[in-house]
Amino acid sequence: MNEYPRPRPGSQPEYASPTYKSTTLRAPSRPLIQLPHSLSELTGPVYGHNPIGPTDNDLTLHFPEPPQGERIIVAGRILDEDGRGVPHAMVELWQANAAGRYRHQRDDHPAPLDPNFLGAGRMIADDAGNYRFVTIKPGAYPWRNHDNAWRPAHIHFSLFGPAFVTRLVTQMYFPNDPLIPLDPVLQSIPDSAAQARLVSQFDLSITEPEWALGYRFDIVLRGRKATPFEEAGK
């Protein structure tokens, strides 16, 4: 039976991390049973019943008025282990607004909601694996993991290949954020080099003059330099 490659043990965050308290309740208490992928998992279902619109990758154009905050461009490539671009992956992102609040009913953080910011977007990578989003730089927010706990500014990414079983989820952080060394989510990755692969790089070539700063975030799907993913292969 063919299967998608699974990550090597220890190369991705573990289910349970003592300082990341919510993992205590959701981490498995017994060894996992690995089930082979079925033909239906390897070949479908596929996405496409909701067509992607021409402005779905620009989170500043979803409403008549622009959102509040610092406009940024986030761009990069989806790569395989040999540095080759992976074409036509569907890339989704979601994030908090500039005040650090999600547009979600469970987010009761007393920061203002922006009526002109949905906080989610998607697009299909091109033939060379390139993607590009225009959005607002998210704010930090409290998350009650421990006393005076704040999550660094970050953007969630989701990638789909040809089938749902190929979905990978990760997070992108911003350079020089003082909250990064204090974040139990990022620190749950034991390899410091792997942690660094989740931090975007300021890129002047992506920046557009007098309009928006640019950040590069390449996502490597597998191999020794793979981007850490949430619960990858588990």
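This is a predicted model: local features need pLDDT of at least 70, side-chain atom pairs count only at pLDDT 80 or more; totals for chains, interfaces and linings use all residues.

**Stop 1**

Residues are numbered from 1 along each chain as its sequence is written, and side-chain values use heavy atoms, with hydrogens and water left out.

Arg216 sits in strand β10 and Asp203 in the loop between β9 and β10, so the pair ties together parts 13 residues apart in sequence. Helices (H or I, at least four residues) and strands (E, at least two) are DSSP runs, numbered from the N terminus. Asp203 is buried, with a relative accessible area of 16%.

**Stop 2: more charged pairs**

Side chains of opposite charge can pair when their charged atoms come close. How many salt bridges does the count come to? By this rule, 9.

Next, pick Glu208 and Arg132, whose side chains meet in a salt bridge at 2.7 Å, N to O. This pair links distant parts of the chain, 76 residues apart: Glu208 is in the loop between β9 (201-202) and β10 (213-216), and Arg132 is in strand β4. Glu208 is partly exposed, with a relative accessible area of 33%; Arg132 is partly exposed too, with a relative accessible area of 33%.

Then go to Asp82 and Arg84. They form a salt bridge with the closest N and O atoms 3.2 Å apart, and both residues are exposed. Bring in Asp80 as well: Asp80, Asp82 and Arg84 are linked in a network of salt bridges.

**Stop 3: the open sheet**

Switch to cartoon and show β3, β2, β7 and β8. In that order, these 4 strands form an open sheet with antiparallel pairing; strands count as paired if DSSP finds at least two bridges between them. Which strands are at the edges? β3 and β8, each of which pairs on one side only. From one strand to the next, the twist averages 20 degrees, with axes as lines fitted to C-alpha atoms and angles running from 0 to 180 degrees between N-to-C directions.

- β2 and β3 (residues 120-124) pair antiparallel over 5 bridges; Met90 has Ile124 as its bridge partner in β3.
- β2 and β7 run antiparallel, joined by 6 bridges; look for Leu93, whose bridge partner in β7 is Phe157.
- β7 and β8 also run antiparallel, and 6 bridges join them; here Leu159 has Leu168 as its bridge partner in β8.

Now colour β2 by accessibility. Of its 6 residues, 5 are buried, so β2 is largely enclosed by the rest of the structure.

**Stop 4: Gln95**

Stay in strand β2 and select Gln95. Is this residue buried or exposed? Gln95 counts as buried, at 3% relative accessibility. The Gln95 side chain reaches the backbone oxygen of Ile136 at 2.7 Å. Leave aside neighbours within four places in sequence, and the contacts of Gln95 (heavy atoms within 4.5 Å) include Leu59, Tyr102, Phe117, Thr135, Ile136 and His154.

**Stop 5: Pro67**

Jump to the loop between α2 (39-43) and β1 (71-79), where you'll find Pro67. At 10% relative accessibility, Pro67 counts as buried. Not counting residues up to four places away in sequence, Pro67 touches Leu59, Thr60, Asp114, Asn116, Phe117 and Ile136.

**Last stop: the nonpolar cores**

A nonpolar core is a set of buried Ala, Val, Leu, Ile, Met, Phe, Trp, Tyr and Cys residues joined through side-chain atoms within 4.5 Å. In the largest one, with 35 residues, select Tyr131, Phe133 and Phe157, which touch the most other members. The elements giving two or more residues to this core are β1, β2 (90-95), β4 (130-136), β7 (154-160), β8 (168-173) and α3 (184-187). Apart from it lies another core, of 5 residues, including Ile73, Ala75, Val134 and Ile206.

Note on methods
Buried means under 20% relative accessible area, exposed over 50%, partly exposed in between (1.4 Å probe, protein chains only). A polar contact is a pair of N or O atoms within 3.5 Å; within protein, one must be able to donate a hydrogen and the other to accept it, and residues adjacent in sequence count only if both atoms are side-chain atoms. A salt bridge is a side-chain nitrogen of Lys or Arg within 4 Å of a carboxyl oxygen of Asp or Glu.
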